[in-house]
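Q: Please take a close look at a single part of this model. I would like one connected account of it.

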2 protein chains.
Amino acid sequence: MVAEIIAVGTELLLGQTVDTNSAYLGKTLAALGIDLFRRATVGDNEARLVHAILEAADRADLILTSGGLGPTQDDLTKAAVARAFDEELVLDPAAVEHLRTFFERRGVPMPENNLRQAMVFRTGRSLPNPMGTAPGALLEKNGRLVICLPGPPRELIPMVDNTLVPLLIERLGGERQVLRSRVLRTIGIGESAMEERVQDLLASANPTIGTLAHLGESHLRLTAKAPTEAEALALIEPLEREIRTRLGAHVYGIDDTTLEQAVVELLRARGRTVAVAESCTGGLLGGRITNVAGSSDVFLGGVISYSNRAKEELLGVPGDLLARHGAVSAPVAEAMARGARERFHADLGVGITGVAGPGGGTPEKPVGRVHIGLATARGVESRQYDLPGTRADVRGRSVVLALDQIRRALLDA
Amino acid sequence: MVAEIIAVGTELLLGQTVDTNSAYLGKTLAALGIDLFRRATVGDNEARLVHAILEAADRADLILTSGGLGPTQDDLTKAAVARAFDEELVLDPAAVEHLRTFFERRGVPMPENNLRQAMVFRTGRSLPNPMGTAPGALLEKNGRLVICLPGPPRELIPMVDNTLVPLLIERLGGERQVLRSRVLRTIGIGESAMEERVQDLLASANPTIGTLAHLGESHLRLTAKAPTEAEALALIEPLEREIRTRLGAHVYGIDDTTLEQAVVELLRARGRTVAVAESCTGGLLGGRITNVAGSSDVFLGGVISYSNRAKEELLGVPGDLLARHGAVSAPVAEAMARGARERFHADLGVGITGVAGPGGGTPEKPVGRVHIGLATARGVESRQYDLPGTRADVRGRSVVLALDQIRRALLDA
């Protein structure tokens with residue numbers, strides 16, 4: 001099976017949006033062993049879109065489109081596919097129903113132009129879109145399979161995972177080779193240091209090993225190819241065990257596990273609770289921990305102490321400590337951690353204070369200087385970091401480091 | 001002048017790299033007023049690459065390629081262009097010299113395969129690459145201009161800015177047209193409802209009007225084409241004014257302004273401060289406000305009151321209110337808002353409480369139910385929402401709605 005991808009949208013050609021969908025679709029096709037030799041990007045212009053579809057149909061069995069399924073006049077993808085394949089568009093009653101329910105739940109009347117989204121190929125069918133109003137559409141004609149996906153990644157990704165992949169797996173049937181990956185996620189070790197520890201294993205051909213760095217984390221991906229999933233996993237297992245031995249506590253989780261999930265699970269396993277006091281991160285640490293469903297079992301809350309007065313009044317940081325050391329200092333990070341622990345009656349308290357930038361740096365306390373305190377029943381300690389990058393980088397990395405400090409304290413306990 | 005872009009690299013098709021170069025090139029062409037109707041992505045395969053180049057040459061005057069200029073065997077772009085245009089590749093002495101100097105400065109011997117990079121079209125020329133070893137290449141033949149750019153963005157971007165843009169401006173000479181965009185960012189109105197209000201204006205050809213929805217926001221993009229930037233802006237101005245009149249307070253900003261920037265600027269302009277009390281959003285609202293550099297002027301802090309005890313002790317929410325109405329209720333949202341305002345001595349206090357899901361919903365209080373309270377000197381009020389989507393969606397939308405409540409309160413004040 002040979003595929004082509006057509007990304008639709010003038011905003012893509014103008015460079016106002018970076019096309020991440022095509023990369024996601026490319027990864028998905030690769031994992032299924034489907035060849036992809038060509039991608040195209042076209043604007044919201046029906047004639048040019050028809051032309052691109054006809055070209056793709058000349059070369060490929062499977063055509064995936066993303067974008068152009070919305071309610072407005074410049075959403076033309078289904079009309080173009082219909083024209084290219086000499087097909088009709090008809091109203092799909094189930095999609096109309098989904099739309100009406102969607103608007104009713106919001107308590108707003110449905111603008112009539114939304115019905116465009118409920119159009120479906122006469123000999124095809126809709127693909128459910130639980131995340132939005134525009135369903136996907138499937139057409140199989142002249143030996144070609146065309147699948148139209150929505151443009152917003154938050155709608156496209158679930159539709160790919162839940163609908164497209166099962167559908168393609170069924171089509172592939174016997175010719176299918178399974179590609180199975182296991183990602184080992186590490187924190188606290190750089191990508192090249194991690195690679196050095198596993199250097200001699202990198203030549204492995206099946207599984208292959210790849211490394212990936214992402215915002216303070218380093219990931220290792222093992223990918224095995226075999227006739228069945230069980231056989232692929234059996235190829236991965238001994239290599240994974242060896243790598244885990246070498247990387248030790250740096251490995252915090254596998255596959256899609258996030259660092260905050262690992263921390264919440266560890267807190268739950270140890271029966272501990274945590275509270276936070278955030279200055280430069282302004283709530284991002286709390287926000288990240290509470291990404292995890294069920295985090296209320298272990299996360300009691302926090303204080304965003306952006307002002308000094310809030311540090312004193314809500315966390316009990318002594319005024320003379322602030323005056324003597326300044327808000328960005330180890331003693332204040334420690335007092336904030338202690339304050340969070342006490343005020344929220346938590347087992348662990350975390351305090352973060354730093355200079356996120358771009359302004360506010362001094363020679364003694366440059367932009368990127370961050371102190372993270374951790375208070376437990378055994379006492380309080382803090383670490384000092386000098387973090388590179390933009391304001392967003394400094395804040396993001398501070399959150400990751402704080403989560404890792406919690407995690408390592410729990411592992412040691 | 002009509003352009004096409006061809007991005008070269010198997011890693012792009014496999015989705016291992018997201019193609020940001022094409023977006024950068026698209027922005028650049030738009031700014032010069034050069035039409036771009038099509039982009040293609042092809043892997044490191046000479047035959048398919050030649051085919052894509054011939055197709056593009058059929059439709060466009062200007063062909064930009066990115067990638068495939070490196071020293072290894074799978075760097076094939078120049079060879080493919082040469083084949084498509086029946087051209088020869090020859091060694092460029094200046095490029096050889098640049099390569100030797102590059103390696104000497106690093107004190108390492110130059111691997112011989114690097115000489116591939118010094119090949120240039122016999123009737124064309126090299127384009128300097130101060131950031132790397134692979135120079136760009138230019139070929140003008142059969143009425144087509146082909147420019148080959150390197151793949152790494154840190155090499156491509158300076159070559160675009162310093163070499164490509166001046167070269168194209170010179171070519172365009174008198175016929176140069178500037179494309180200038182203005183994005184109007186709205187909140188509190190759906191994409192289709194917004195479109196209905198401006199329906200009769202959509203047929204406008206210059207400026208063109210496009211709509212775009214993004215996580216609870218709807219954007220309108222006006223794009224004008226004119227000989228100069230001033231003339232393009234003059235075309236946009238009356239249409240922008242008309243649309244602003246029709247959309248009123250839904251428009252919160254233009255171009256790259258984020259909602260949190262608009263809120264921080266408005267707070268500063270009105271000389272007001274704000275504090276937050278967050279339950280289901282767990283710190284995300286504070287985190288988002290403090291994305292803005294300098295937000296400490298107007299943002300005093302917040303309490304993440306994930307537990308009921310924290311709501312009582314840190315925000316002064318009465319225990320009997322919690323017992324009578326439950327934590328997710330209008331009275332509690334209002335008491336949280338009041339608590340935040342008082343504890344932080346702020347002009348405005350915001351309180352958010354809700355059921356983010358996926359668990360925790362009941363028939364009376366389903367997943368997605370959110371109350372947002374706002375306390376000011378004039379009193380306190382709250383709104384109830386039923387938000388669709390995942391836990392992340394409910395939390396993200398709650399933050400957007402809270403920011404918009406602050407914004408509208410300041411506009412009314």
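Which residue forms a salt bridge with A:Arg154, and how far apart are the closest N and O atoms? Please set the answer in the context of the contact between the chains and of what lies around it.

A: The partner of A:Arg154 is B:Asp393, and the closest N and O atoms of this salt bridge are 2.8 Å apart. The model is predicted, and the distance is computed from its atoms. The salt bridge joins chain A to chain B, and the count between the two chains is 5 salt bridges.

The contact between the chains involves 73 residues of chain A and 78 residues of chain B. The size of an interface is often given as the accessible area lost when the parts come together. For chain A and chain B the buried area is about 5700 Å², with carbon and sulfur atoms giving 53% of that area.

Next, the nonpolar cores. In soluble globular proteins, nonpolar side chains tend to be buried together. The largest nonpolar core in this model has 70 residues, and the members that touch the most others are A:Leu285, A:Val350, B:Leu285 and B:Val350. Not counting residues up to four places away in sequence, B:Val350 touches a set that includes B:Val274, B:Val276, B:Leu285, B:Ala337, B:Ile372, B:Leu374 and B:Ile406. A second, separate core has 32 residues, among them A:Leu315, A:Ala335, A:Ala346 and B:Ala335.

Helix α5 of chain A covers residues 93-106, which is 14 residues. From its first C-alpha to its last it reaches 20 Å, close to the 20 Å expected at 1.5 Å a residue. The buried residues of α5(A) are A:Ala95, A:Val96, A:Leu99, A:Phe102 and A:Phe103. They lie on the same side of the helix because they cover an arc of only 125 degrees around its axis. On the other side, A:Pro93, A:Ala94, A:Glu97 and A:Glu104 are exposed. Strands β4 (89-91) and β6 (125-127) of chain A are among what covers the buried residues of α5(A). After the helix comes A:Gly107, with a positive phi near 70 degrees.

In chain B, helix α5 (residues 93-106) contains B:Leu99. This leucine, B:Leu99, is buried, at a relative accessible area of 0%. Leaving aside neighbours within four places in sequence, B:Leu99 is in contact with B:Met110, B:Asn114, B:Leu115, B:Gln117, B:Ala118 and B:Thr133. B:Glu260, in turn, is 161 residues from B:Leu99 in sequence and 48 Å from it in space, C-alpha to C-alpha.

Definitions and conventions: Residues are numbered from 1 along each chain as its sequence is written. Chains are lettered from A and ligands numbered from 1 in the order in which they are written. This is a predicted model: local features need pLDDT of at least 70, side-chain atom pairs count only at pLDDT 80 or more; totals for chains, interfaces and linings use all residues. Side-chain values use heavy atoms; hydrogens and water are left out. Helices (H or I, at least four residues) and strands (E, at least two) are DSSP runs, numbered from the N terminus. The expected span of a helix is 1.5 Å times one less than its number of residues. Buried means under 20% relative accessible area, exposed over 50%, partly exposed in between (1.4 Å probe, protein chains only). The arc is that of the directions from the helix axis to the C-beta atoms. Contact means heavy atoms within 4.5 Å. A nonpolar core is a set of buried Ala, Val, Leu, Ile, Met, Phe, Trp, Tyr and Cys residues joined through side-chain atoms within 4.5 Å. Buried area is the accessible area (1.4 Å probe) that two parts lose on being put together, summed over both. A salt bridge is a side-chain nitrogen of Lys or Arg within 4 Å of a carboxyl oxygen of Asp or Glu.
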